[in-house]
Amino acid sequence: MWNKVQETVKFLQEKGITTPDYGIILGTGLGNLVEKISIEIAISYADIPNFPVSTVQGHSGELIFGTLGGKKVVAMRGRFHYYEGWTMEQTVFPVRVMKYLGVEKLIVSNASGGVNPAFKVGDIMIITDHINMMPAHPLHGKNDERFGPRFVDMHEAYCKKMIAKMEMIAEKSNVSIQKGIYLALQGPTFETPAEYKMVKILGADCVGMSTVPEVIVAKHMGMTCFGLSVITDLGIEGIVESVSHEEVQEVAKKSEKVLGELVEAFVQQ
Ligand code: HPA
């Protein structure tokens, strides 16, 4: 794994991707945040050695390097999900690469189903913490100390300072923003009403199928993480309705503009 990561990093550096300030993972329907990035380099995942290639519709696969809010960013347009059949190692491979490109701060975004009764469809939620209920762990197996320690501290998986900064930015921009805990299940099924209830009982505010593996390896390598989730549907007792990938994408698309502005301001400051 170490050698593969270094090989990919070398390839990307030779293409001109050098010392980005931020790494950004653009999740479901949030891919359009890239419109705010003034792009210098875009490389299809298929052309990057050792990179998996995403298969889900709506997840175009491209690594982008450019400027956002005056800062250098490297962004994943399209991420890898465990449910696609990738191993956890493959799922998180790009985050390992980001670290050795020089990224210290990771911004992740996703779509999720809300179980907090105060949430509405289309809300943007700052992820304050997560609950890992994925069936496999990205750090399973022998630990490579070059990446990080065997036992990883997760007491502040999502940076408190960054959370406070985004709250301030949202307030200044008159955007109401939620905060809450993201619980990760493997998918690809959406939840049954009983499962949404379980998610709530377990103490989470929303549920999704991504993000947690990436944040875990980012923390393994000592990176600082910040995450946003768009609540695309609700799994609240009594009002659990049908949900589809198309609906998730449609709602996420509506929140895209606001989300883009928030993240741009966030990176800038
Ligand atoms: N459950 C899991 N993942 C999701 C959901 C959901 O309700 N909405 C968007 N991604």
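Reply: L202 has a relative accessibility of 40%, which means that it counts as partly exposed, in a model that is predicted. This leucine belongs to the loop that runs between helix 4 (193-201) and strand 8 (206-208). Together with M133 and M198, L202 forms a nonpolar patch on the surface, and the accessible area of the three residues together is about 230 Å².

In the loop between strand 7 (178-184) and helix 4 lies P188, which is joined to G187 by a cis peptide bond with omega of about 0 degrees. T211 is placed in the loop between strand 8 and helix 5. Its phi is near 70 degrees, a positive value in a residue other than glycine. T211 has a relative accessible area of 0%, so it is buried. A positive phi, near 75 degrees, is also found at N50, again a residue other than glycine. N50 sits in the loop between strand 2 (38-44) and strand 3 (62-68), and because its relative accessibility is 31%, N50 counts as partly exposed.

Charged pairs come next. Side chains of opposite charge can pair when their charged atoms come close. The structure holds 10 salt bridges, among them one between E264 and K36, with the closest N and O atoms 3.7 Å apart. This pair links distant parts of the chain, since E264 is in helix 6 (residues 245-268) and K36 is in the loop between strand 1 and strand 2, 228 residues apart. E264 counts as partly exposed at 24% relative accessibility, and K36 counts as partly exposed at 31%.

Another salt bridge pairs K72 with E40, where the closest N and O atoms are 2.5 Å apart. Here too distant parts of the chain are linked: K72 is in strand 4 and E40 in strand 2, 32 residues apart. K72 is partly exposed, at 28% relative accessibility, and E40 is partly exposed, at 46%.

K179 and E167 form a further salt bridge, their closest N and O atoms being 3.4 Å apart.

Because 11 of its 14 residues are buried, helix 2 is largely enclosed by the rest of the structure. P94 is itself one of the buried residues, which also include M88, V92, F93, R96 and K99. The buried residues of helix 2 pack against helix 1 (2-14), strand 1 (22-26), strand 4 (71-77), strand 5 (105-114) and helix 5 (212-220). Just after helix 2, G102 takes a positive phi of about 115 degrees.

Conventions:
Residues are numbered from 1 along each chain as its sequence is written. This is a predicted model: local features need pLDDT of at least 70, side-chain atom pairs count only at pLDDT 80 or more; totals for chains, interfaces and linings use all residues. Side-chain values use heavy atoms; hydrogens and water are left out. Buried means under 20% relative accessible area, exposed over 50%, partly exposed in between (1.4 Å probe, protein chains only). Helices (H or I, at least four residues) and strands (E, at least two) are DSSP runs, numbered from the N terminus. Contact means heavy atoms within 4.5 Å. Patches are made of residues with over 30% relative accessible area and no salt bridge: like charges are joined within 9 Å, nonpolar side chains (Val, Leu, Ile, Met, Phe, Trp, Tyr) within 5 Å. Accessible areas come from the Shrake-Rupley method with a 1.4 Å probe; for residues, only the protein chains shown count as cover. A salt bridge is a side-chain nitrogen of Lys or Arg within 4 Å of a carboxyl oxygen of Asp or Glu.
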